[in-house]
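Dear colleague,

My findings follow directly after it.

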Amino acid sequence: MKNYIQPGNNITLNAPADVLSGTGVLIDSLFGVANGDAAAGTPVVLSTVGVFDLPKLTADDITVGATVYWDADESELTLEATGNTKIGVAIAAKSGAGTVVTRLNGSF
């Protein structure tokens, strides 16, 4: 197929701000996890699919299979859809502070 470019599991874009390896990055509606450190405006590889341990809102009790959203202002997962970006589903339950194992579904 002449117009095929790549699978899209990893996308290289310019970082919207300074990012650290393993952190969530949201560019408009494209969410990914940074594969390395990058300064604002320099290329960073983002994984858009896969399973990652990501920080969560302490107040949310997340259950297995719950749809999770990225709160870009707080740089954490939440169950609240309003004002946030859908990024995937939880594959482990988590209450309180910490992180939750999340399967990214690519960009919706």
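In the charge count used here, Lys and Arg are taken as positive and Asp and Glu as negative, while His and the chain ends are not counted; a charge is placed at NZ of Lys, CZ of Arg, CG of Asp or CD of Glu. On that basis the protein carries 5 positive and 11 negative side chains, with the centres of the two sets 14 Å apart.

Please note that this is a predicted model, in which local features need pLDDT of at least 70 and side-chain atom pairs count only at pLDDT 80 or more, whereas totals for chains, interfaces and linings use all residues. Residues are numbered from 1 along each chain as its sequence is written, and side-chain values use heavy atoms, with hydrogens and water left out.

The protein has nine strands and zero helices, where strands (E, at least two residues) and helices (H or I, at least four) are DSSP runs numbered from the N terminus. Strand β4 (residues 43-47) pairs with strand β1 (residues 10-14) in the antiparallel sense over five bridges; pairing requires that DSSP finds at least two bridges between two strands. One of the bridge partners here is Pro43 in β4, which faces Asn14 in this pairing. Strand β3 (residues 30-34) also runs antiparallel to β4, joined by two bridges, and Ala34 has Leu46 of β4 as its bridge partner.

Of the 108 residues, 31% are buried, meaning under 20% relative accessible area (1.4 Å probe, protein chains only). The C-alpha atoms fill a box of roughly 45 × 35 × 25 Å along the principal axes.

Yours sincerely

Terms used
Buried means under 20% relative accessible area, exposed over 50%, partly exposed in between (1.4 Å probe, protein chains only).
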